Amino acid sequence: MAVLLAALAAFVAIIVVTVMKMLMTLQGQGRRYHIRSLAGKHVLITGGSTGIGFSLAKRCLAEGAFVTLVSRTHSKLIEAHDTLVHSMGFPSSNILIKVKY
């Protein structure tokens with residue numbers, strides 16, 4: 001179980017780093033790449049119901065992205081969805097939730 005949790009934490013960290021790189025200017029093959037906006041893009045966030053994943057979801061939604069939140073706990077996903085929609089005013093149509101057992 002500990003190995004599974006460590007692997008999941010590593011995967012979430014990779015996702016966070018990847019999205020953060022998308023938000024920054026990247027250096028590659030002598031050319032500069034920059035994603036100016038996440039508006040209209042689709043972002044998949046594992047562990048999106050709490051912590052770093054939830055914060056990342058807020059940031060992506062604020063940028064205009066469509067967000068899919070994945071978590072193992074259905075009740076936390078519902079709570080995260082309700083918080084994003086009702087308390088923070090993000091459109092429900094931009095948020096999809098999936099439970100992964």
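Mentor: Start with contact: it means heavy atoms within 4.5 Å. Helices (H or I, at least four residues) and strands (E, at least two) are DSSP runs, numbered from the N terminus. By these terms, the buried residues of H3 pack against helix H2 (51–62), strand S4 (66–71) and strand S5 (95–99).

Trainee: What kind of model is this, and how are residues numbered?

Mentor: This is a predicted model: local features need pLDDT of at least 70, side-chain atom pairs count only at pLDDT 80 or more, and totals for chains, interfaces and linings use all residues. Residues are numbered from 1 along each chain as its sequence is written, and side-chain values use heavy atoms, with hydrogens and water left out.

Trainee: How many helices and strands does the protein have, and what pattern do they follow?

Mentor: There are 3 helices and 5 strands. Along the sequence the pattern reads α-β-β-β-α-β-α-β.

Trainee: Which residues of H3 are buried?

Mentor: Buried means under 20% relative accessible area, exposed over 50%, partly exposed in between (1.4 Å probe, protein chains only). In H3, the buried residues are Leu77, Ala80, His81, Leu84 and Val85. They cover an arc of only 120° around the axis, which puts them on the same side of H3. That arc is taken from the directions from the helix axis to the C-beta atoms. Ser75, Glu79, His86 and Ser87 are exposed on the other side of H3.

Trainee: Why do residues three or four places apart point the same way in an α-helix?

Mentor: An α-helix has 3.6 residues a turn, so residues at that spacing point the same way.

Trainee: How does the reach of H3 compare with the span expected?

Mentor: The expected span is 1.5 Å times one less than the number of residues. H3 (residues 74–87) has 14 residues, and 20 Å is expected. Its reach from first C-alpha to last is 19 Å, close to that value. After H3 comes glycine 89, with a positive phi near 80°.

Trainee: What about H2: how far does it reach, and where do its buried residues lie?

Mentor: H2 has 12 residues and reaches 17 Å from its first C-alpha to its last, close to the 16 Å expected. Its buried residues are Gly53, Phe54, Leu56, Ala57, Cys60 and Leu61. These fall within an arc of 160° seen down the axis of H2, so they line one face of the helix. The face turned away from the buried side carries the exposed residues Ile52 and Ala62. Just after H2, glycine 64 takes a positive phi of about 95°.

Trainee: Why is valine 70 called buried?

Mentor: Its relative accessible area is 17%, so valine 70 counts as buried. Valine 70 is found in strand S4. Leaving aside neighbours within four places in sequence, its contacts include Leu44, Ile45, Gly48 and Leu77. Valine 70 and glycine 48 are 22 residues apart in sequence, yet 5.9 Å apart in space, C-alpha to C-alpha.

Trainee: Asparagine 94 sits in the loop between H3 and S5. Is asparagine 94 buried or exposed?

Mentor: Asparagine 94 has a relative accessible area of 14%, so it is buried. Not counting residues up to four places away in sequence, asparagine 94 touches Leu61, Gly64, Ala65, Phe66 and Val67.

Trainee: What makes the pair of glutamate 63 and arginine 59 a salt bridge?

Mentor: A salt bridge is a side-chain nitrogen of Lys or Arg within 4 Å of a carboxyl oxygen of Asp or Glu. Here the N to O distance is 3.5 Å, and the side chains of glutamate 63 and arginine 59 meet in a salt bridge. The structure holds 1 salt bridge. Glutamate 63 is partly exposed at 27% relative accessible area, and arginine 59 is partly exposed at 44%.

Trainee: Why does leucine 5 count as partly exposed?

Mentor: Leucine 5 has 41% relative accessibility, so it counts as partly exposed. Leucine 5 lies in helix H1 (residues 2–23).
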